Amino acid sequence: MDNNPLVCYTTRMRTFLAKYDFPIHVLVAAAYARLRFSLAWNTFWTKLFLRLCACPHGRNLRVCGKPLVKICRKGQLSFGDGVELQSNRAANMAGGNGPVTIQCYENGKIEIGDFSGCSFATLSSRSSIKIGSRVLIGANTKIYDHDFHPVSPELRKAGDWMNRVATKPVVIGDDVFIGAGCLVLKGVTIGDGALVAAGSVVAKDIPAGEVWGGNPAKCIKKATE
């Protein structure tokens, strides 16, 4: 018989676990209750924040995990009915690197239509980002309607360079699917029913009903094929 204490302990534990009917349902119920509490808690505080900032939202807003929302003076943010913001890694194991981040600079405007949702995504606006209805935005996707910094070194040296950043509106139509890890740049329009493959960099307009992918993104095929 092996007198190694570690081996003896391991053998006893295996025997115990083989005979014991562990109540795994208790752990499952506890995890589910925790997710439900997180959903209710974060939805409540997000709605309160939106109300304090005079930002309208529709019915059945769902916020799982704590989002990061920043609205500057004259910035505007609005949600339609049934919008979902997913920032909880336990509820969505898509490999999110951070929470849903929404930033409206001065005069920036972000609109998210009915029954659209995003997971661990970043939206940053200095002019306008308009997202239609039933749009799905994958984990770690970033949508910018501006460049953050001027391209010219001379402009970056200026004291008021923040006011010289190039910006153009972004429009995303209805029923669009944007895969994980995409980058949508300023001035882009994505037509209804289009699909963007994961990891794509979208620098120009995508017609309705087409599948695009790559860096820079190009047409792959029709969505119906």
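Which residues form a nonpolar patch on the surface? The legends below begin with that patch. The model is predicted.

**View 1. A nonpolar patch on the surface.** Phe37, Trp41, Phe44, Trp45, Leu48 and Leu52 make up the patch. Together they have about 700 Å² of accessible area. Phe44, one of these residues, lies in helix H2, which covers residues 24-52. Phe44 counts as partly exposed, at 46% relative accessibility.

View 2. The structure holds 4 aromatic pairs. One of them joins Trp41 and Trp45 in an edge-to-face arrangement. Their ring centres are 5.6 Å apart, with 65° between the planes. Why are the two separated by about one helical turn? Trp41 and Trp45 are 4 residues apart in helix H2, which accounts for that spacing. Trp41 is partly exposed, with a relative accessible area of 45%. Trp45 is partly exposed too, with a value of 43%. Phe44 and Trp45 also pair: the ring centres lie 5.3 Å apart and the planes stand at 75°, so this pair is edge-to-face. Ring pairs link Phe37, Trp41, Phe44 and Trp45 into a cluster.

**View 3. An open sheet with parallel pairing.** The sheet has 6 strands. Their order is E2-E5-E8-E11-E14-E17. Which strands stand at the edges? They are E2 (68-71) and E17 (201-202). Each has a single partner strand, so one side of each is left without a neighbour in the sheet. Strands of a sheet pair through backbone hydrogen bonds, either parallel or antiparallel.

**View 4. Where E2 meets E5.** Strand E5 spans residues 101-104. E2 and E5 pair in the parallel sense, over 4 bridges. Ile71 has Cys104 in E5 as its bridge partner.

**View 5. An arginine over a tyrosine ring.** Arg126 lies over the face of Tyr105. The distance to the ring centre is 3.8 Å.

View 6. The structure holds 7 salt bridges. In one of them, Glu84 meets Arg62. The closest N and O atoms are 3.7 Å apart. Glu84 lies in strand E4 (residues 84-86) and Arg62 in strand E1, so the pair ties together parts that are 22 residues apart in sequence. Glu84 counts as partly exposed, at 29% relative accessibility. Arg62 is partly exposed as well, at 35%.

**View 7. A salt bridge between two loops.** Asp175 and Arg134 meet through their side chains, at 2.7 Å from N to O. The pair links distant parts of the chain, 41 residues apart. Asp175 sits in the loop between strand E12 (170-172) and strand E13 (177-178). Arg134 sits in the loop between strand E9 (129-131) and strand E10 (136-137). Are these residues buried or partly exposed? Asp175 counts as partly exposed at 38% relative accessibility. Arg134 also counts as partly exposed, at 43%.

**View 8. Lys186 and Asp147.** These two residues form a salt bridge. Their closest N and O atoms are 3.1 Å apart. Again the pair links distant parts of the chain, here 39 residues apart. Lys186 lies in the loop between strand E14 (183-184) and strand E15 (189-190). Asp147 lies in the loop between strand E11 (142-144) and helix H3 (153-157). Lys186 is partly exposed, with a relative accessible area of 25%. Asp147 is partly exposed, with 28%.

View 9. Phi of Ala54 is near 60°, a positive value in a residue other than glycine. Asn60 also has a positive phi near 60°. Most residues other than glycine have a negative phi, and most peptide bonds are trans. Ala54 is exposed, with a relative accessible area of 67%. Asn60 counts as exposed, at 58% relative accessibility.

**View 10. A cis peptide bond.** Which peptide bond is cis, with omega near -5°? The bond runs from Asn215 to Pro216. Pro216 lies in the loop between strand E18 (210-213) and strand E19 (218-222).

Key: Residues are numbered from 1 along each chain as its sequence is written. This is a predicted model: local features need pLDDT of at least 70, side-chain atom pairs count only at pLDDT 80 or more; totals for chains, interfaces and linings use all residues. Side-chain values use heavy atoms; hydrogens and water are left out. Two strands pair if DSSP finds at least two bridges between them. Patches are made of residues with over 30% relative accessible area and no salt bridge: like charges are joined within 9 Å, nonpolar side chains (Val, Leu, Ile, Met, Phe, Trp, Tyr) within 5 Å. Accessible areas come from the Shrake-Rupley method with a 1.4 Å probe; for residues, only the protein chains shown count as cover. A salt bridge is a side-chain nitrogen of Lys or Arg within 4 Å of a carboxyl oxygen of Asp or Glu. Buried means under 20% relative accessible area, exposed over 50%, partly exposed in between (1.4 Å probe, protein chains only). Rings of Phe, Tyr and Trp (its six-membered ring) pair if their centres lie within 6.5 Å; planes under 30 degrees apart count as stacked, over 60 as edge-to-face and the rest as tilted. A charge sits over a ring if NZ of Lys or CZ of Arg is within 6 Å of the ring centre and within 35 degrees of the ring normal.
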